[in-house]
Amino acid sequence: MEVYNIFVQSLAIIAVFLFIISFHFRSRRNILITQIAGIIIFVIHYWLLSAWTGLILVSLNGVITILFLFKEKSKILGNRIILYASLVVLLAFTFLTWDGIYSLLPLIGVGSVIIAKWQNNTNKLRALSIPNSICWIFYDFFVGSYGGIIA
């Protein structure tokens with residue numbers, strides 16, 4: 001059981017490491033692609049912890065990040081309605097997976113990071129991602145993601 005717990009917690013550390021690396025890229029595309037890899041690892045991490053709000057909102061973050069990769073190439077995906085619809089979907093899934101007041105933390109975190117990823121300016125993308133980290137630290141405490149807290 002101890003090895004399993006170390007494995008689960010290690011996933012969060014690896015995922016955060018990918019997010020840290022992502023902010024060292026100059027292009028928005030490379031930042032987002034690296035973050036998608038981190039998101040996939042976080043999805044597995046929250047699934048293994050049975051942290052359903054975190055799992056669903058991180059998954060939605062991944063889908064939305066993939067869509068945002070193509071926003072410059074598609075008039076539909078580049079429309080602000082996609083941004084607003086993404087935030088509404090996050091809100092809906094937060095309440096579908098509601099597990100107490102701390103479920104608001106991933107909502108605020110992912111909401112802020114989605115707004116950040118919408119930005120074309122990489123400096124704004126980096127700066128607007130800060131609230132995301134703060135919210136996830138507290139959520140991780142509540143769901144037992146000690147690897148997430150440490151990272």
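## An exposed ring and its partner

F141 counts as exposed because its relative accessibility is 54%, where exposed means over 50% relative accessible area, buried under 20% and partly exposed in between (1.4 Å probe, protein chains only). F142, at 47%, counts as partly exposed.

This is a predicted model, in which local features need pLDDT of at least 70, side-chain atom pairs count only at pLDDT 80 or more, and totals for chains, interfaces and linings use all residues. Residues are numbered from 1 along each chain as its sequence is written, and side-chain values use heavy atoms, with hydrogens and water left out.

## Aromatic pairs

Rings of Phe, Tyr and Trp (its six-membered ring) pair if their centres lie within 6.5 Å; planes under 30 degrees apart are stacked, over 60 edge-to-face and the rest tilted. The count is ten aromatic pairs. In one of them, F68 and W118 are edge-to-face because their planes stand at 75 degrees, with ring centres 5.1 Å apart. Both residues are buried.

F141 and F142 also form an edge-to-face pair, 5.6 Å centre to centre with 70 degrees between the planes. They belong to one aromatic cluster, whose members include F19, Y46 and W136.

## Charged side chains

The charged end of K71 sits over the ring of W118, 4.2 Å from its centre (NZ of Lys or CZ of Arg within 6 Å of the ring centre and within 35 degrees of the ring normal).

The whole structure has one salt bridge, meaning a side-chain nitrogen of Lys or Arg within 4 Å of a carboxyl oxygen of Asp or Glu. R28 forms a salt bridge with E72, and the closest N and O atoms are 3.4 Å apart. R28 is buried, with a relative accessible area of 8%.
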